[in-house]
Amino acid sequence: MGFNIGSVFLMVAIVSCLISVAHAAQGNAVYYDPPYTPSKCFGNRNKGALVAGVSDALWNGGAACGRRYRVSCVRGANKAPKPCRQGSVVVTVVDYCSRGCNGIINLSKDAFSRIADPNAGNVVIQYNQ
């Protein structure tokens, strides 16, 4: 009795997914409107529409610049009906969200719209690098 190679690959894939989910963190996300330049990390260089600013929790003195995070909506942070959309979005950190930021990640409106209804304004997210 032995394992076939397909079963081994399937098991590795399942374990990898579980490890990825186990390392995901949660926090609040808000959004900001375009234009997305200039940014604290890249000045006037355009890094696209799927970008984000991060709060002190992730900023790390600017070390977060260029990091990529996969973000998905978990639930609303207020009373908005049906705030979350299916799926996730990958964003690149281009900016710093200073004190008074209402979320751990301040997504571009383009990125926020992929995972949540912008009318919700503030949602609880799951994210991992």
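Me: Is Cys84 buried, partly exposed or exposed?

Reply: Cys84 has a relative accessible area of 30%, so it is partly exposed. The cut-offs are under 20% relative accessible area for buried, over 50% for exposed and partly exposed in between, with a 1.4 Å probe and protein chains only. Keep in mind that this is a predicted model, where local features need pLDDT of at least 70 and side-chain atom pairs count only at pLDDT 80 or more, while totals for chains, interfaces and linings use all residues. Residues are numbered from 1 along each chain as its sequence is written, and side-chain values use heavy atoms, with hydrogens and water left out.

Me: Ok, and what does Cys84 bond to?

Reply: Cys84 is joined to Cys73 by a disulfide, S to S 2.0 Å. A disulfide here is a pair of cysteine sulfur atoms within 2.5 Å. The link of Cys73 and Cys84 is left-handed, with -60° about the S-S bond. Cys73 sits in strand β3 and Cys84 in the loop between β3 and β4 (88-96), so the pair links distant parts of the chain, 11 residues apart. Helices (H or I, at least four residues) and strands (E, at least two) are DSSP runs, numbered from the N terminus.

Me: How accessible is Cys73?

Reply: Cys73 is at 13% relative accessibility, so it counts as buried.

Me: How many disulfides are there in the whole structure?

Reply: The search finds 3. With bonded cysteines counted along the chain, the pattern is 1-2, 3-4, 5-6.

Me: Tell me about Cys41. Which cysteine is it joined to?

Reply: Cys41 is joined to Cys65, with S to S 2.0 Å. That link is left-handed, at -75° about the S-S bond. Cys41 is in the loop between β1 and β2 (51-54), and Cys65 is in the loop between α2 (56-59) and β3; they are 24 residues apart and link distant parts of the chain. Cys41 counts as buried at 18% relative accessibility, whereas Cys65 is partly exposed at 28%.

Me: And Cys97, left-handed or right-handed?

Reply: Right-handed: the link of Cys97 and Cys101 has 100° about the S-S bond. The S to S distance is 1.8 Å. Cys97 is buried at 10% relative accessibility, and Cys101 is partly exposed at 22%.

Me: Switching to rings. How many aromatic pairs turn up?

Reply: There are 4 in the whole structure. One of them is Tyr31 with Phe112: the centres are 5.0 Å apart and the planes are at 45°, so the pair is tilted. To pair, rings of Phe, Tyr and Trp (its six-membered ring) need centres within 6.5 Å; planes under 30 degrees apart count as stacked, over 60 as edge-to-face and the rest as tilted.

Me: Which strands does β6 pair with?

Reply: β6 runs antiparallel to β1, with 5 bridges, and antiparallel to β3, with 6 bridges. Two strands pair if DSSP finds at least two bridges between them.

Me: How many residues of β6 are buried?

Reply: 5 of the 6, so β6 is largely enclosed by the rest of the structure.

Me: Last one: what does Asn122 touch?

Reply: Leaving aside neighbours within four places in sequence, Asn122 is in contact (heavy atoms within 4.5 Å) with residues including Asn28, Gly76, Asn102 and Phe112. Asn122 is in the loop between α3 and β6 and counts as buried at 17% relative accessibility.
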